[in-house]
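Please keep the sequence and the model at hand while reading.

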Amino acid sequence: MPSWKNWSGKQKSKPTELHFVRSEADTVAVVRAAVRDKKTIRIAGAGHSHAPLVITDGVIIDPSGLAGVIGADTATQRAWVWAGTRIYALGRPFHDLGLGLKNQGDIDRQAIAGVVATGTHGTGRALQNFSAAVTGLKLVTASGDLVECTAQKNAEIFRAARLSLGAFGVVTQLQLQLREAYRVQERAWNEPFEPLMEKLDGLIANARHFEFFWYPHTDLANAKETNETTEAPVYPLAEEGARRAWSYEVLSNHRPVLHTEMEYSVPAEQGPACMRAIRDLIRREFPDIKWPVEYRTLAADDVWLSTAYERPTVTISVHQDVNEDDEPYFRACEEIFNHYAGRPHWGKMQYLDGATLAARHPKWLDWWRVRDAVDPSGTFLNDFLRSVRP
């Protein structure tokens, strides 16, 4: 029997079928066969999500064979890419066209369709998530049709499926809004928590990218700011925190240690208070936690299920080793995130029910209405999604 597991090994599935599709024709055929046999379908990217989004006893489709840049328009700075392309495989091809991603996350191992489907992001108060950069997409729906969606064509599906959770169909292609290629310089330093927090607003305002990791056992924060530069790249690349090179060479990092993660997005003005509450919780109730807490920023957008929908945002992430029981710690953190009206990252752990998610996401019911119209039989739902549907 086929099997699938995510990067950390915490999420595991035993589907009846696992298909590695390499063409849109193959994808259409797999979807039509699954619908005929009344099997559910989920789509697996690179497996870097911690949430149970892929888990099914039906069919898992792996689109990693759909990879590469399809074409680009340098005048509009837009490019079509295959959905299974890993982010690290986009940097050089875009660079050769004089283009670059507007922003990137902490790692670049994921498939582009996966980061779009879950609203994954980097950091920067004026920078949005991956989903907000999508200007077009093509997906195979439960009807077995290949449908193109843009702001002008199948516009309502486009608005909802920019962050789809894999629930609208199999995305085969994405069109991304890019920008001109650019170079960046990092600067990293360690500083005690409270002195850093006292000047946090200025640090965020004066950097294109700013983030910090707070380490519970030392009460030190490892802070990093990254800004555009006209200076030439320096090779070989320095260690993280001192690199100067093209954006795609610097913005992502090597994160090999297996872990699980919970991340919530709170209104930007509530970020410092929420961070202090998480710090107090750890010091009071979880003194053995060794993993750091990450603090980043995110600009508001208009993506229906985005954690930054219509509000400037601070994201706070907590982590735990894969060999440890993360649930007590994560549930305690979630109580604090809930106090600050937090929205959970769709690719990470959370325990909210559908009613709470509906209260946090103003377009929740609209998203489900459009989704159910595209897939009325629920072919692309799994137990997790059914558990939170209205």
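In the class counts below, Ala, Val, Leu, Ile, Met, Phe, Trp, Tyr, Cys and Pro count as nonpolar, Asp, Glu, Lys and Arg as charged, and the others, Gly among them, as polar. The model is predicted: local features need pLDDT of at least 70, side-chain atom pairs count only at pLDDT 80 or more, and totals for chains, interfaces and linings use all residues. Residues are numbered from 1 along each chain as its sequence is written, and side-chain values use heavy atoms, with hydrogens and water left out.

**Pocket**

- A pocket is an open set of points on a 1 Å grid over the protein atoms alone, with protein on both sides within 12 Å along at least five of seven lines, whereas a cavity is a set of points where a 1.4 Å probe fits but cannot get out; lining residues have an atom within 4 Å of a point.
- Grid points are joined across faces, edges and corners, and a volume is the space filled by probe spheres set on the points.
- The second largest pocket holds about 220 Å³ of space.
- Its lining has 18 residues, of which Lys102, Asn103, Gln128, Asn129 and Ala133 are the closest to the centre.
- By class, the lining of the second largest pocket has eight nonpolar, seven polar and three charged residues.

**Cavities**

- There are two cavities of 30 Å³ or more.
- The volume of the largest cavity is about 100 Å³.
- Among the 15 residues lining the largest cavity, Gln104, Thr123, His209, Glu211 and Leu251 are the closest to its centre.
- Strand S14 (209-215) and strand S15 (220-229) are the elements that give two or more residues to this lining; helices (H or I, at least four residues) and strands (E, at least two) are DSSP runs, numbered from the N terminus.
- The lining of the largest cavity comprises two nonpolar, eight polar and five charged residues.
- The second largest cavity contains about 50 Å³ of space, and its lining includes Phe94, His95, Gln104 and Trp246.
- Helix H2 (88-96) gives the most to the lining of the second largest cavity, with three residues.
- That lining divides into seven nonpolar, five polar and no charged residues.

**An open sheet**

- Three strands form an open sheet with parallel pairing, in the order S3-S5-S4; two strands pair if DSSP finds at least two bridges between them.
- Strand S3 (17-20) and strand S4 (41-43) each have a single partner strand, so one side of each is left without a neighbour in the sheet.
- Over four bridges, S3 pairs in the parallel sense with strand S5 (residues 59-62), and His19 stands opposite Ile61 in S5.
- Helix H1 (residues 24-36) lies across S3, S4 and S5 and runs at about 170° to S5. Axes are lines fitted to C-alpha atoms, for helices over the stretch in contact (heavy atoms within 4.5 Å), and angles run from 0 to 180 degrees between N-to-C directions.

**Salt bridges and backbone details**

- The whole structure has 33 salt bridges, each defined as a side-chain nitrogen of Lys or Arg within 4 Å of a carboxyl oxygen of Asp or Glu.
- In one of these, Lys224 pairs with Glu211, and the closest N and O atoms are 3.8 Å apart.
- This pair joins strand S15 to strand S14, with the two residues 13 apart in the chain.
- The peptide bond from Tyr235 to Pro236 is cis, with omega near -5°; Pro236 is in the loop between S15 and strand S16 (244-246).
- Leu165, a residue other than glycine, has a positive phi near 55°, and its place is the loop between helix H4 (155-161) and strand S11 (170-177).
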